[in-house]
Amino acid sequence: MAVSQLVGARIHRREDPRLITGHGRYTDDLPHQGVVHLVVVRSPHAHARIRSISIDAAKKAPGVLAVYTAPDFKDIIAGPATFAVAPVFAPNKLTNPPRYPIAAKEVCYQGEPVAVVIAGERGQAADGAQLVDVDYEVLPAVMDIEAAAKPGSAKVHSDQPDNIAWDTTYVPWEATEEAFKTADVVVKERILQQRLSPNPMESRVVMAEYDSFDKRLTMWLSTQNPHWIRLFVAGALGMGEQAVRVISHDVGGGFGSKISPYPEDFIVPACAKLLDRPVKYTETRTEAMQNAYAGRGQIFDVEVAAKKDGTLLGMRVTQLLDAGAYMALFSAFQTCACLMAGGAYHWNAISSRSQAVLTNKIPTDPYRGAGRPEATHVAERMMDVLALELDMDPVELRRKNFIRKEEFPYTQNFGLTIDSGDYETTMDKALKIAGYDDLRKKQKEQRKHGKLVGIGLSTWIELCGLGPGAATGPATGGVVLSESAQVKIHPAGGVSIYVGTHNHGQGNDTTHAQIAADTLGIPMEQIDIRHGDTNEGPGFGYGTYGSRSLAVGGIAILRSCNKVIEKGKQVAAHLLEAAEEDIVFDHGKFHVKGAPDKSKALGEVAFAAYGQLPAGMEQGLEAVAYFEPPNFVWPFGTHICVVEVDAETGAVDIQKYVAVDDCGNVINPMIVAGQLHGGIAQGIAQALFEEMVYDDESGQLKSATFLDYAMLTANEMPEIQLDSTVTPSPTNDLGVKGIGEAGTIASTAAVINAICDALSPLGIKHVDMPATSDRLWLQMQRARGASSNGKEARK
Amino acid sequence: MKHKVSTTVNGTRREHEVESRLLLVHYLRDVVGLTGTHIGCDTSQCGACTILVDGKAVMSCTMFAVQAEGKQLTTIEGMAKDGELHPLQQAFWDEHGLQCGYCTPGFIMAAAYLLSQNPNPTEDEIRRGLEGNLCRCTGYVNIIKSVQSAAKTMGGAKAKPAGRPAVTAGGE
Amino acid sequence: MIPAAFEYARASSVEEASKLLKTYGEDAKVLAGGHSLIPLMRLRLAQPKALVDINGIKDLDYIKEDGSKLRFGALTRHVTIEHSAVVKQKLPILAEVASEIGDNQVRNMGTIGGVVAHADAAGDYPTIALMLDAEIVTNRRTIAAKDFFKDIFTTPLAADEIVIEVVFPVANGPHKYIKFRRRLFDWAIVGAAAQKMNGGWRIGLTNVGPTPVRAKAVEEALHTGAKPEEAAQHASDGLNPSGDLRASPEYKKHLARVLTKRAIEQAE
C-alpha cells in the first residue's frame, strides 16, 4: 500500500460526536409512528411442564391488543428448525434438543417465553403480562453439570435421551502415555470457569414492521451481525431475504451476547405480521441477566507431565462445559479451549476431550474471548502450578518452554499454525517495566512480615480473526467466516464504503476509514463508512466477533479499494492517453510512469468513469471484495499482576498491572489501548467478582442485578501500564492481528496466579474464580488448620 | 389519573399531562423526545440515566416524572452550547473516553456534577465520584483521563498530581 | 420495567401526609428519596396502590443543634449530612457514614428518614442510631432506636405514621466506621462502628442479623481494660447472621470481629 499517513496514527473517533451529545441511534432511540409494545411472559421456573395458560384476563386488560401463545405462531414461524441452523463447530452432535422461540409444553430455563402481551403502551403490556395465568407442573431442575452428565440423571428435557450435548475426544489419552510414563513430575489441577453474564450496557431491543401489501419486513435490533439475523428470520418466517431488511445502527456493546438469534428476534416480526402493526420489544436488565446467552461455565481437569528441569512433556485436558438448556448457535466454538490449552509452549503431546452437558439454564455461547480465555487460564495456571512443584521461577519455566521466534510459522499440537510471534521479547519487556527482579526481592522481605504479596504472569496467546474456511468449514458443514466490503466512488469523488462487519464500540468506523483513506489517497472526511443495514452494500456480511473486524474486514476494505484503483487505472489511461500498464496510482493520483506531473486525481477519474468512455469500457467506479483469511491471526503478550491479599479478610488489592501486548501492525494505537483497558477490566472482574449464581434446587438465578453481579466500577479498576511490541502477521496485507478480546483472554490468569503466589506460603496451590474475599478467607482458614469457631489464626 | 407536570428541560419550559407511574427517564425519552439519556438497569445501579435535577446528579430512572414538577432538568442534549461541545464532551472525544457510547451520557452528566462540586479533583476523587456509573467497555481508564482533562480545560486545574496509591478491590 | 399504576399525592405538610396515608390505607407508601422503593416498584415486587410524596414538605430538611443533641429532619439528604459542617464537628461519624452510602446519585436523593424507616439490615444509619441511643421522632411519638428496629424491614410504625426527625446525641470523640464491601457503591457485607463517648466505647455492627447490632460485650470488655484485639473477639457473641451471595454466616462473624478490632484501633 501507499506510504502511510493515517494508518498508525492516533485518529479521534468519527463516531463519537453523536454519541457524546446524545444523538446516538440505538434501537430504543428510534422514533416510530404507531408502534405498539410487546412484553414477554416468562417462565419463573427453571424446569416445568405447562399444564395450561389462561389469557382471558390479560386480553381484557386496558390497552391490550393481543395475547399470543405458542399455537398462535404455528403457521407463521417455521417449526423447531428455527434455531437449529445446526449449531456450528459442534464436533459431534449427540443431543441437540429442538428449540422453538416460545414454549408450548415444557419450559427448560427460567425466563423461557411462554406468552406475549401486546398493548399500545409498554406499561399496559406489562400490566397484561401480570394477568396471564400459567399453570405449571414443576419438574426437577438440572443445575450441576457433573451430576447432569451421569447416567440416570434427571433430564433437562423430558423427551430427550440424556443430557449430553456433545462428547468429543480430539486426541486420545494414549497419545500422551509416553509423556506421562517418562515424566519426572506430574501435576494435576481442577480449574473452574464460572458462568458469566456478558452485560453490555444496552440490553436488547427488537422492533419490526411488516408491510402487508408489499410483503416486506423491516427489523431494527441490537445485534453484532445483522446479515445472520436476516438469514435466520427470513428462513423462519418463510420469506425471501430480499424482502427482509435488518437494521442495526448504534449498538451499546455486545461482547458475544448479540451474535446468536434470540426468541424475540422471531417473535417480534411474527407479531408485527399477525397484528399488521409495528411492534417493539425492549428487554429489561432483569430479563437480560436471566436470558442473555451466558459465557464460560466450564470445568477443566488438567494434568501436566514434565522433566525435573522444567521441560514440558505432555498435557491431558478435559473440558466439561455447561451448554445450558439448548445448544446455542456458536456454543461449540468454546471447545477451542481444548485446542489452545497448550498455550505458548512446546509439548511433546497433548490429549484433550470436550464434553458438553445440558442444564436448565440459559444456554452458553461465546462471550468475549470464547474458549481462548479458558485455554489461557488452563495453560498459565498449570505453568505456575508446575513451577511451584519444581521450585522454579515461573518466568524461567515459561522461558524454557516458549515456542521460539525463529520457529514461526509454528504448527502446534492440534495442527493449528501460529503465524508469527516473539514471546520472549514481549515477556522480557513486561518484566522490565514491572521491575520483576525487584518485586521478587521485595516480596521476600514482605513475606517475612507476614504480608501476603503475590506476583502473577500470564504469557498469553490467542487465535483470532475468524476465520479461514479450512478451519471453520469442516467443523461447521461449510460455514466460512470471510468478510465483505463494497467501495463506491461517486461521480464527484465522494466515497461510500459498506462493510459486512458491525461497529458496537470497537471504533471500526474510524480504523476502517483510516485504511481506506490511505489506500485511496484521499482525506478521511471524504469517506463514509456504513454498516448495519442489510439493504446496503454486499450480499452478505459476517459481522463482528472473534476479533475479526480489522484482520478480516479491514483486508476486505483494502482489497475493494485496490479493485477500484485497478478500474480507475483503465479510466486514467484513457484520460491520460497512455497504456493502462503505464499508469501508476500514488497518493490519490493516477499518473503515467515516469511523468508524475501529468496526473489525474481520483475525483477526476471518478467523474470521467460515469461519463463517456471508450467502447468496451464499463461505466462506474465501484467494487466489492470478499476476503477469506488464509489462516487465523495470533496476537500474544505478557501481563503481570501484583496483589496483596489481606491476611485477615481475604480482600484482594491489585497493586500493579503491566500489560505488554503484540497485535502486529497497529492502525490506531488509541483504539488498541482502549480495547485492552476494557478487556482487562472484564478479566479482572471475572477473576475477583463476577459469577452467575443459581439456586441449586429451584434453578432460579440469584445474581440477577448489578448489585449481586459485581462488575468493576472506576474505583476498583487498578492503574494499567500498557506497552507493546510489533510482530506483523505474514498472513494478511496489513500485517495486522486482532486485539478486541486480548485483554479478557490474558488477565484472569495474571490475577489468579498473583493471588496463588501470595497465598503459597500458607500451602495454597490453587484458587478458583471468582476469588472473592469470603472464598479466600475460607481457603486460608482451612490452610491454617484453624477451627472455624471463632479463633482466628494469627498472621 | 394523569398529573400536570411543568419542568424546564435544557432551558426550555415543558408542560405535559403524565401518568403517575411514568419514570422521569421515560418522560424525557418518550414524551419530550430526548433520547440521549439511556436506561441500563432496573435497580438504580448503572447510572446510565443520570441527569442533573436542579444541578444535582440524579438517576432519572429512580424518580417519577411527577416529582420533577418545577425542577430544572439538564440532559446530555443540553450540554453543548451554540454548536460548541461542553469541555467534558470534548474531553471524552479527545481521550477516547467512550467505546459503545451507551453509558457515556450518564458518565458525562455524573462528571459534570462532580466538577461542579469539586472543580479540581484528584484521580482518586474522580474514581470515587464516578462510582455510581457502570461502563462495560472502557475499563474506566480513559474516562478518568477525560474528566481530568476537562477539569483542566474548565480552569479548575492546576491539576493535582495523579497519585493514586493502591486500589482496593474488595475491602474497606 | 414500568411500575404498576398507582395514585400519586403530594403532601405539603406532615398532617396532610398522615391524612392521605390514612385515606389510602395499608397499600399506600411514603415516597421520600425513593431509592429503595422505586426499584422494587419497577420490578413489580412492590405494587403500592398509592404513593404519598413527602418531598414537598418544606420543614423536614434540616440539621439543628439542640444542646447535647443533633436533630435531623427526616428529609435531610445523605449529601447534606456528608458535607454539613456541624455534623462534621459534632457527630463526625455520621458524616463519614453518609459519605459512604451508595454513590453521588443516591446520596443526592436518599434521606435519613427513609433509610431509618426502611429498616434494611444492611442500612448504615440504623447501626449508628442504635449504638448511640438515637431517637426516632414520628408525627405521634418518640421511639428509642433500640425499640425501633424490630426485625428486617420491620419497625413499630403504624400505617399512617411518618418519621419526621432522627435525634442523635453529640459525639465527637474518636470514631471509625468500617464498611466492608466489594465495590465502593455496594451495601456493607459487614460494617463495624466504634465511637468513644462519655469515657466509654460504643460499638455497632451492620448486616450481621436482621437488625443492626450493638456489640455490648465488646463495649464491656473495653470498659474493663481489654485490648481492642481481645475485646473485638466478643463482636460475634450471640450473632446468628444469615449467609448471602457475598458472605457465609461464619465469614460475617469473622468480619464482625476483625472490623471491630480495626474500627477501635483506627478510631480517631
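Mentor: Start with one pair: Arg29(B) and Asp29(A) form a salt bridge through their side chains, 2.8 Å from N to O. The term means a side-chain nitrogen of Lys or Arg within 4 Å of a carboxyl oxygen of Asp or Glu.

Trainee: How many salt bridges are there between chain A and chain B?
Mentor: Four. This is a predicted model, so to speak: local features need pLDDT of at least 70, side-chain atom pairs count only at pLDDT 80 or more, and totals for chains, interfaces and linings use all residues. Residues are numbered from 1 along each chain as written, chains are lettered from A in the order written, and side-chain values use heavy atoms, without hydrogens and water.

Trainee: How many residues of each chain are in contact?
Mentor: 61 of chain A with 55 of chain B. Contact means heavy atoms within 4.5 Å.

Trainee: And what area do they bury between them?
Mentor: About 4700 Å², with 54% of it on carbon and sulfur atoms. Buried area is the accessible area (1.4 Å probe) that two parts lose on being put together, summed over both.

Trainee: New topic. How many disulfides does the structure hold?
Mentor: Zero, over all chains. A disulfide needs a pair of cysteine sulfur atoms within 2.5 Å. Take Cys49(B): the nearest cysteine sulfur, that of Cys61(B), is 3.6 Å away.

Trainee: Is Cys49(B) buried or exposed?
Mentor: Buried, at 3% relative accessibility. Buried means under 20% relative accessible area, exposed over 50%, partly exposed in between (1.4 Å probe, protein chains only). Cys561(A) is buried too, at 0%.
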